[in-house]
Amino acid sequence: MERVVLVTGASGGVGLALCQRLLEEDGRIHLCIACRNEQKSEATRDLILATHPAAQVSTVEVDLGNLASILRAARELRCRFRRLDFVYLNAGIMPNPHVNFKALWHGLLTGKVLHMLTTAEGIMTQTDRLNGDGLQEVFATNLFGHFMLVRQLQSLLCGNEKPSRLIWTSSSNARESAFSLSDYQHAKGQESYSSSKYATDMTSVVLNRKFNGQGLYSSVVCPGLVMSNMTYRILPVFLWKLLMPIMWLIRFFAKTYTLTPYNGAEAHVWLFKQKPEYLDSLVKYHSCTSGLGKCYVETRKMDVDEDTAEKFYQKLLELEEQTLEKYHDLLD
């Protein structure tokens with residue numbers, strides 16, 4: 001039977017490029033694209049079928065920042081499929097991003113500017129807010145919504161004849177210094193994106209410890225710096241046009257400047273072809289592009305405190321329990 005692949009955040013950027021590249025790798029898969037609304041889902045499906053007319057492509061509507069939407073989508077997927085082979089947890093947001101030009105100038109003077117430009121460490125801040133469920137929006141969309149989705153799809157992911165895979169889109173901006181266990185939703189800081197991505201890394205590590213024995217394996221990837229709707233909001237459009245030639249030059253020194261969604265999906269596609277039993281659960285897989293445009297994957301050990309990760313996972317379970325009590329009417 002064909003493998004079933006679910007991709008969240010499939011309507012643009014890395015998610016859309018990933019869908020197209022997966023079908024180039026294996027045109028027999030059943031691709032299920034998850035988008036926030038029906039119009040986006042159908043438009044994305046039509047776009048994919050325009051280049052892969054024989055592909056099996058279905059849609060599911062899910063807003064990862066809305067817990068009721070997640071529960072409804074999970075129920076629909078459980079009715080529709082007997083198993084899921086791959087779930088690419090790719091959807092994410094970075095609301096109201098700002099560049100700290102003072103910090104950038106300081107990095108230039110101290111020789112740390114290349115590191116800052118490749119990781120956004122110290123130069124990127126975001127303004128977060130509460131969503132309709134009373135959760136911090138970035139935490140809810142980037143991490144907890146995906147966690148809830150995985151938990152609700154556990155029956156399709158565990159105990160299958162062949163291993164199932166979770167592949168999370170993380171970031172090189174995932175930093176322990178931005179995360180606090182006492183404020184794991186990052187309500188008090190200005191680096192909610194970095195915090196959510198570090199939380200993603202920790203969650204993946206613990207999921208492997210809990211579920212590898214049931215045939216479920218989790219990995220995290222970094223797509224590098226990709227020019228997408230998310231990054232275009234950081235600076236005015238005219239500035240990006242001025243900077244693009246410089247960014248292409250920087251790629252000779254910064255291999256994580258993948259720049260295009262196609263290049264950014266390299267690690268996602270590479271993992272699609274690997275046997276999960278031989279992968280290191282403490283490694284992050286980075287999409288890289290050489291100065292001459294060659295795509296490749298680089299592995300880097302994650303800076304994850306496993307004790308903190310376990311404690312954080314328990315907090316996620318507690319929050320999940322509160323959520324399920326609130327939305328019990330949406331459960332089977």
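The following legends describe close-up views of a predicted model.

Residues are numbered from 1 along each chain as its sequence is written. Local features in this predicted model require pLDDT of at least 70 and side-chain atom pairs pLDDT 80 or more, whereas totals for chains, interfaces and linings use all residues, and side-chain values rest on heavy atoms, with hydrogens and water left out.

View 1. Eight strands form an open sheet in the order β3-β2-β1-β4-β7-β8-β9-β10, with mixed pairing. Strands (E, at least two residues) and helices (H or I, at least four) are DSSP runs numbered from the N terminus, and two strands pair if DSSP finds at least two bridges between them. Because β3 (56-61) and β10 (295-301) stand at the edges with a single partner strand each, one side of each is left without a neighbour in the sheet. From one strand to the next, the twist averages 25°.

**View 2. The pairing of β8 with β9.** Strands β8 (residues 216-222) and β9 (residues 283-289) run parallel and are joined by three bridges. V220 has K284 in β9 as its bridge partner.

**View 3. Helices lying across the sheet.** Helix α3 (residues 67-80) lies across β1 (4-8), β2 (30-35) and β3, and runs at about 145° to β3. Helix α8 lies across β7 (164-169), β8 and β9, at about 160° to β8. Axes are lines fitted to C-alpha atoms, for helices over the stretch in contact, and angles run from 0 to 180 degrees between N-to-C directions; contact means heavy atoms within 4.5 Å.

**View 4. The crossing of α6 and α13.** The axes of helix α6 (residues 137-152) and helix α13 (residues 306-326) come within 11 Å and cross at roughly 75°. The two helices, α6 and α13, are therefore roughly perpendicular to each other (65 to 115 degrees). Among the contacting residues are F139, L143 and F144 of α6 and F312, Y313 and L316 of α13. By class, this contact of α6 with α13 has eleven nonpolar, two polar and two charged residues; Ala, Val, Leu, Ile, Met, Phe, Trp, Tyr, Cys and Pro count as nonpolar, Asp, Glu, Lys and Arg as charged, and the others, Gly among them, as polar.

View 5. The whole structure has one cavity of 30 Å³ or more; a cavity is a set of points on a 1 Å grid over the protein atoms alone where a 1.4 Å probe fits but cannot get out. The largest cavity has a volume of about 40 Å³, a volume being the space filled by probe spheres set on the points, which are joined across faces, edges and corners. F139, Y184, Q185, H186, S192, S195, S196 and A199 line the largest cavity, lining residues having an atom within 4 Å of a point. Helix α8 (residues 192-211) supplies the largest share of this lining, four residues. The lining comprises three nonpolar, five polar and no charged residues.

Notes: 1 Å grid on protein atoms, 1.4 Å probe; cavity = no way out; pocket = protein on both sides within 12 Å on 5 of 7 lines; lining within 4 Å. Parallel < 35°, antiparallel > 145°, perpendicular 65-115°, else oblique.
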